[in-house]
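Hi everyone, thanks for coming. Today I'd like to walk you through one protein model, a piece at a time. Please have a look at it on the screen first.

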Amino acid sequence: MQLQVMNSPFNQEQTELLNRLLPTLTETQSLWLSGYLAAIQSSSLQAAPAVEERPAPAAVRAIPKEVTILFGSQTGNAQNLAKKAGKTLEERGFQVTVSAMSDFKPNNLKKVKNLLIVVSTHGEGDPPDNALTFHEFVHGKRAPKLEDFRYSVLALGDSSYEFFCQTGKDFDKRLEELGGTRITPRVDCDLDFEEPAAEWTEAVLAGLSEGESSSPSPAAASVSASAPAESVYSRSNPFRAEVLENLNLNGRGSNKETRHLEISLEGSGLTYQPGDSLGVYPENDPELVDLLLAEMSWDPEETVRVKEETVTLKEALTAHFEITVLTKPLVEKAAKFSGNEELQQLVSDSNQLKSYMDGRDLIDLVRDFKPWNSSAQEFVSILRKMPARLYSISSSFEANPDEVHLTIGAVRYDAHGRERKGVCSILCAERLQPGDTLPVFIQHNENFKLPENPDTPIIMVGPGTGIAPFRSFMQEREESGADGKSWLFFGDQHFVTDFLYQTEWQKWLKDGVLTKLDVAFSRDGDEKVYVQHRMQENSKELFQWLQEGAAVYICGDEKNMAHDVHNALIDIIEKEGGISRDQASEYLADMQKNKRYQRDVY
């Protein structure tokens, strides 16, 4: 039941806060809160004379502060960190509201006194989809002046991109311009974000707790005791999962190689939902590791320290560190070990450095700028931890208990006179056999989920390996018996060799699990035809589905395909809706806000 001003003794602001808080409480938290309020009332009645004679400052300090945590997340990392920070703050006695930026009413910003922002940077310095509206509001003319307002920003990014953590930097700067005061300085996290995120949370706690009682509130013990049991396996403690099957989905003569992996989760306690991703920690190509060892004249059996562990140098370079990508921080640190003047000049010129790093790896760097004056330990200490690769899960847990399926395109290309290979995709294509194991974890993604109502129509756009989550959608709907209509737009190069999971899609179409299927094979005709062209050919019917409340999902290449499909949707809405382009853009933005337009792009 929703509280209202007319049916409760609370004012408008209080009812809004309670209506946001109460539905999020667990049964244990609700019971604790009831007892806590009863105890306060009892204490107040018994001690009324004393309170009148001598107010106790300590009672004021014991009231937990209210903290709002807003996250902007594309793959789920920022969302998970925001929830984790919220839980930590609650355990220390703070009243916390955790929300996606897209679910937060921007006009309520002026009511917030303590704001924490956890946000990733997407693409070329862009905000994630669910941060777009709030980002625009904060940077627009309607943003309020923020007085008596404190904030801090945790920014997630990838230092191999030029606009590293740009969205977090934008928020940090803008909130200061609006009058806010930092609780603690912004922290920029690279792909290995768990430790700096934990340090940021502790710094925020210290900043929020200044002048507060140092003893934990009664809420701390309650929250800890009622925490639900979860799998012990996570990003920081991956599960060694056995590979059950590894198949090439493409036909003979294809220009592509797409691997279908079936992986056992038995004994892990890990579960997932359609739209989630599987994180995989790969190993570097042994040939690449041997080349690097030879270039640096290092002994493969020499031992080095990797955090608290001692391993051989070869093992460290194989399993622990990234050696296939150059980042600006890495090159700048490496320059300290080189006596090469050209490298010193290179790091002093950002444009030249950016041009050099493009398409090159660590072997290029050590070959191009000899001699190197460092020990193996010193050199590996500047390397970035091997990042996990995230792949959209292409199976339903309900349909495949204790299994997870992946659809991975092998990456091979030539650059600067050498063949280059994707670290994880080529591990899967060339070296991974059934019976081998992979370190994996589940990456939950609340920003790419089937509609709660199974009758809601869905439109899926997934060329190439973008087909993966939609296979999981169909398996899930088939298993649950959902009645909602479904429409798939799939594209690739050739019908004969590249129609991924063709027999499954045709069976779902025949059985009625899939309502409509449109395909685009770009190399089969004189003119290249892509998924956005098929969408425009069906513009009238597609718009009708939108008017009926259909949810649209896009998965795949962010740089080209996703932008083309986005523009095609605006074209269709403008044309079939008989409205202006600005109004069509607003229509799509409203769909996104209402979670009827979701993207899993990379």
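**A walk through the model**

Let's start with Asp364, which has its place in helix H15, residues 362–368. Keep in mind as we go that this is a predicted model. Is Asp364 buried or exposed? Its relative accessible area is 7%, and buried means under 20%, so Asp364 counts as buried. And which residues does Asp364 touch, if we leave out those up to four places away in sequence? They are Tyr356, Gly359, Arg418 and Arg420.

Now let's move on to a sheet. Six strands come together here in an open sheet, and if you trace them across, the order is E12-E9-E16-E7-E8-E13. The pairing is antiparallel. Which strands stand at the edges? They are E12, residues 389–392, and E13, residues 403–409. Each of these has a single partner strand, so one side of each has no neighbour in the sheet. On average, neighbouring strands in this sheet are turned by 40 degrees against each other, direction ignored.

Let's zoom in on one pairing. Strand E7, residues 239–248, runs antiparallel to strand E16, residues 437–443, and four bridges join them.

How many of the nine residues of H17 are buried? Seven are, so to speak, tucked under cover, and the helix is mostly covered. The buried ones are Val423, Cys424, Ser425, Ile426, Leu427, Cys428 and Ala429.

For contrast in strand direction, go to strand E1, residues 66–72, and strand E2, residues 95–100. These two pair in the parallel sense, over six bridges. Thr68 stands opposite Thr97 in E2. Together with helix H5, residues 77–91, E1 and E2 make a right-handed β-α-β unit.

Last stop: the aromatic rings. How many aromatic pairs does a search of the whole structure find? The search finds 24. In one cluster, ring pairs link Trp298, Phe337, Trp372 and Phe379. There is also a charge to look at: Lys485 lies over the face of Trp545, at 4.2 Å from the ring centre.

That's my tour, and I'm happy to take questions!

Technical notes. Residues numbered from 1 in each chain as written. Predicted model: local features only at pLDDT ≥ 70, side-chain atom pairs only at ≥ 80, totals over all residues. Heavy atoms only, no water. Phe/Tyr/Trp six-rings, centres within 6.5 Å; stacked < 30°, edge-to-face > 60°. Lys NZ or Arg CZ within 6 Å of the ring centre and 35° of its normal. Pairing = 2+ DSSP bridges. Axes fitted to C-alpha atoms, helices over the stretch in contact; angles between N-to-C directions. Buried < 20%, exposed > 50% of the residue type's maximum accessible area, 1.4 Å probe, protein only. Right-handed = clockwise from strand over helix to strand, strands pointing away. Contact = heavy atoms within 4.5 Å.
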